[in-house]
Amino acid sequence: AGELTTLVGPSGCGKTTLVRIAAGLENPDVGSVLIDGEDVTWQTVGAIKLLGVAHIPEDRQRRGLVLPMEVRENLILGYHRQTRFTNGPLLDLPAIDEFAQERIRAYDIRVPTTTTPALALSGGNQQKVIVAREFAFAPRVLVAAQPTRGLDIGATEFVEQQIMAAKAQGMAVLLVSANLDEVLSLSDRVGVMYKGELVAEFRHGEASPQELGLYMTGTKQQRAGAAARSPR
């Protein structure tokens, strides 16, 4: 709790799979996923959400939103069965609309109305919809994959501020990012993955972009292996 751990590594290193496992979208071949000591490895995504795990996916348009649906509908996706949003077997549209307006104000989402389709929003505002939704239900854990990819400077700073504010309030954050400057400025701990393994781990301030790059490309491991094999 209250720690931001970042995973970095080249494409195909396994970090995307690890994020999907942590969010409940895939099951691991071996090992387990624990939340406060509770084994949730075989739980559904919905059950894991109810345990307080929020997820900002890598692809906001394919995995984070249903683009033809209204902004207010996207703001409750995954949480739409809560009693606050339902009236018997039906959705309580006035309650949903009130919730959406509050989220839109709080996260400065630039949208004409709550019924505007998500596909009509800019990339930055689409990302804000996802962040506003995932932070709205008191999560204990945030699993975020490339949350600032493709955003302008203003939207990037806004998303980073929200993540850091959540961390300060005690949320545990698992972040995947390709932006090494972002990684080194935000992280309490950085893990480097290479060919499906965690090959190095650093506390804040212990690593430079150059050193991370050596581990990400396998250069550091190759040098260590060569030194171990050389005659003495």
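Is glutamate 3 buried, partly exposed or exposed, and what is its relative accessible area? In this predicted model, glutamate 3 has a relative accessible area of 22% and is partly exposed, because the buried class ends at under 20%. Arginine 189 is likewise partly exposed, at 23% relative accessibility.

Glutamate 3 and arginine 189 form a salt bridge in which the closest N and O atoms are 2.6 Å apart. The two residues belong to distant parts of the chain, 186 residues apart: glutamate 3 lies in the segment before β1, and arginine 189 lies in strand β9 (residues 189-194). A salt bridge also connects glutamate 3 with arginine 203, with 3.5 Å between the closest N and O atoms. Arginine 203 is in strand β10, so this pair ties together parts that are 200 residues apart in sequence. The relative accessible area of arginine 203 is 41%, which makes this residue partly exposed. Through shared partners, salt bridges join Glu3, Arg189, Glu201 and Arg203 into one network.

The whole structure contains 13 salt bridges. Another of these links glutamate 134 to arginine 133, with the closest N and O atoms 2.8 Å apart. Both glutamate 134 and arginine 133 are buried.

Strands β9 and β10 belong to an open, mixed sheet of six strands, ordered β4-β7-β8-β1-β9-β10. The edges are formed by β4 (53-56) and β10 (197-203); each has a single partner strand, so one side of each lacks a neighbour in the sheet. From one strand to the next, the twist averages 15°. Strands β7 (residues 141-145) and β8 (residues 172-176) run parallel and are joined by five bridges. Leucine 142 is placed opposite valine 173 in β8. Helix α7 (residues 153-168) lies across β1, β7 and β8, at about 135° to β1.

Technical notes:
Residues numbered from 1 in each chain as written. Predicted model: local features only at pLDDT ≥ 70, side-chain atom pairs only at ≥ 80, totals over all residues. Heavy atoms only, no water. Pairing = 2+ DSSP bridges. Helix = DSSP H or I, 4+ residues; strand = E, 2+ residues; numbered from the N terminus. Axes fitted to C-alpha atoms, helices over the stretch in contact; angles between N-to-C directions. Contact = heavy atoms within 4.5 Å. Salt bridge = Lys/Arg side-chain N within 4 Å of Asp/Glu carboxyl O. Buried < 20%, exposed > 50% of the residue type's maximum accessible area, 1.4 Å probe, protein only.
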